[in-house]
Amino acid sequence: MESFATRLKTAMGARHLKQVDIVHAAERAGVKLGKSHISQYVGGKTIPRTETLRFLADTLGVDEEWLLGHDTPPASRSQPVAASISPASSQQHATSDHPIILSEEGIPMRQFHKSTKLDNVLYDVRGPVVDEAARMEEAGMHVLKLNIGNPAPFGFRTPDEVVYDMSRQLTDTEGYSASKGLFSARKAIMQYAQLKNIPNVGIEDIYTGNGVSELINLSMSALLDDGDEVLVPSPDYPLWTACVNLAGGTAVHYVCDEQSEWYPDIDDMRSKITDRTVAIVLINPNNPTGALYPPEVLQQIVDLAREHQLMIFSDEIYDRLVMDGLKHVSIASMAPDLFCVTFSGLSKSHMIAGYRVGWMVLSGNKRIAKDYIEGLNMLANMRICSNVPAQSIVQTALGGHQSVNDYIVPGGRIHDQRDYIYNALNSIDGVTAVKPKAAFYIFPKLDVKKFNITDDEEFALDLLHDKRILITRGGGFNWQEPDHFRIVYLPRIEVLKDAVDKLTDFLSYYRQ
Ligand SMILES: Cc1ncc(COP(=O)(O)O)c(C=O)c1O
């Protein structure tokens with residue numbers, strides 16, 4: 001028979017708890033248990049009285065008899081008190097979501113959990129509803145995916161010239177490049193920045209990345225200390241909120257106003273600025289709303305950033321997918337005295353999301369960001385460089401004929417699909433949508449009273465189960481009300497029509 005001390009040490013070890021953790025848990029539970037007591041138990045000098053034994057067993061999620069050394073297998077408790085313990089020196093701890101796993105001998109086993117840094121991280125674009133869709137597909141069902149902005153599966157092919165040029169350069173791109181990227185790629189990006197009137201950009205101010213995604217992560221990691229605040233739009237492309245929070249910062253959401261073409265609500269933005277605010281994030285053109293911000297709106301944001309000495313991060317990955325003869329203006333072009341970081345890439349405008357190439361451009365007043373730039377360089381060096389074959393086609397893609405232009409004019413697929421989905425959604429009773437001006441997303445509003453909707457994830461799951469259509473719920477974009485969802489209108493009109501017919505039928509009977 002094992003001793004009480006041995007069993008106690010085993011159970012504590014399995015949970016990665018130290019003596020001090022038990023003492024703190026006892027304090028919180030109002031149980032009298034000092035450090036000297038616990039060290040006596042662990043040292044095998046004494047065994048506890050009944051009440052203390054019960055507390056220890058509950059805390060460790062094991063059976064009292066087992067703890068005493070008896071051979072009866074310990075009963076697993078579904079909600080161990082240990083869930084409330086935060087180990088002082090270990091990130092491993094049990095929670096009520098993670099019931100104890102016992103070995104064949106009945107001993108609690110150490111489990112490995114994800115970092116608590118991920119607690120505030122949300123990425124529903126590939127989240128639980130998507131997992132359910134995958135399960136349904138595995139079971140042989142066809143699911144129509146309107147959830148992800150990946151052009152290739154919908155027949156938007158990479159221009160032949162780009163594929164050809166990459167194939168020609170494959171043997172020259174076997175090695176690492178400079179960490180910021182190939183000179184030719186950065187030169188082409190620099191010239192692109194010049195065309196967009198972004199001021200004070202040299203070749204050293206350009207960083208290529210494995211998509212804009214990598215650079216969003218890198219730029220936030222290099223900047224934020226715990227508690228620093230960044231103003232992020234709501235709704236947003238959720239990677240921004242996730243990366244701010246992962247970097248230890250706090251994403252503070254400013255509202256974009258559906259009544260005003262989904263433009264940022266400047267008063268709300270202003271009201272959210274505190275002494276901890278470091279930067280404003282802008283997504284323009286916007287995912288998920290399809291909004292394009294005019295210069296008057298951008299000017300107000302610049303004024304606010306100037307007044308409060310804030311940095312501006314502008315995600316402009318959809319800047320070449322603008323319709324109705326409108327023109328995209330880079331906010332950095334209006335803020336030569338501020339420090340700005342502008343993001344773009346080829347995933348959307350060149351329909352080559354899979355090659356993974358994006359970039360960021362530092363501009364304006366770089367003197368005030370010397371130290372931050374050092375941090376960016378450090379992180380850029382640490383990831384060595386971005387995918388080099390993909391960098392090799394940046395020059396080809398940015399110069400010459402822009403095949404995307406054919407998609408965004410009347411008769412072009414993006415344009416016509418946008419018109420179709422906008423009209424079709426607005427003709428459904430209980431659905432309204434603002435007309436997107438750019439990108440390939442629409443963010444319709446549901447009449448929650450009519451459909452009695454209180455949970456948008458449930459709405460997305462119900463639609464998936466009933467009609468096999470996969471959309472992303474508004475909450476997935478850090479939108480606080482359960483009244484929106486996003487549709488990616490990349491599929492051809494026939495497919496969109498089928499989806500709208502099914503959605504119309506679904507909403508004719510759906511009540512949550
Ligand atoms: C606004 C926005 N930024 C960045 C990204 C990521 O792009 P990339 O493929 O360059 O990583 C996306 C992808 O959907 C996006 O919508």
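In helix α2 (residues 19-29), the buried positions are Asp21, Ile22 and Ala25; a residue is termed buried if 20 or more other C-beta atoms lie within 10 Å of its own, exposed if 12 or fewer, and partly exposed in between, with C-beta atoms placed from the backbone. Viewed down the axis of α2, these buried residues fall within an arc of 100°, so they line one face of the helix, the arc being that of the directions from the helix axis to the C-beta atoms. The cover over the buried residues of α2 includes α3 (35-42) and α4 (50-60). Glycine 30 follows α2 and has a positive phi, near 70°.

The structure is a predicted model, in which local features need pLDDT of at least 70 and side-chain atom pairs count only at pLDDT 80 or more, whereas totals for chains, interfaces and linings use all residues. Residues are numbered from 1 along each chain as its sequence is written.

A UniProt record (unreviewed entry) places the feature "domain: HTH cro/C1-type" at residues 26-67; UniProt positions are given in the numbering used here, feature names are shortened, and annotations may be inferred rather than shown by experiment. The span 26-67 is 64% helix and 0% strand, and its end C-alpha atoms lie 17 Å apart.

The protein as a whole contains 19 helices and 15 strands, defined as DSSP runs (helices H or I, at least four residues; strands E, at least two) numbered from the N terminus. Its C-alpha trace spans about 80 × 60 × 50 Å along the principal axes. Of its 512 residues, 44% count as buried. Among contacts with a separation of 6 or more, 70% join residues 24 or more positions apart, a contact requiring C-beta atoms, placed from the backbone, within 7 Å.

The ligand is surrounded by 13 residues, the closest being Gly211, Val212, Ser213, Tyr237 and Ser347; a residue is near the ligand if its C-beta atom, placed from the backbone, lies within 6 Å of it. Helix α9 (residues 211-223) gives the most to this shell, with 3 residues. The shell comprises 5 nonpolar, 7 polar and 1 charged residues, where Ala, Val, Leu, Ile, Met, Phe, Trp, Tyr, Cys and Pro count as nonpolar, Asp, Glu, Lys and Arg as charged, and the others, Gly among them, as polar.

An open antiparallel sheet is formed by 3 strands in the order β11-β15-β14, strands being paired if DSSP finds at least two bridges between them. Because β11 (441-442) and β14 (472-473) stand at the edges, each with a single partner strand, one side of each is left without a neighbour in the sheet. Strand β15 (residues 485-488) pairs with β14 over 2 bridges, and arginine 473 has phenylalanine 485 in β15 as its bridge partner.

Notes: Two residues are in contact if their C-beta atoms, placed from the backbone, lie within 7 Å.
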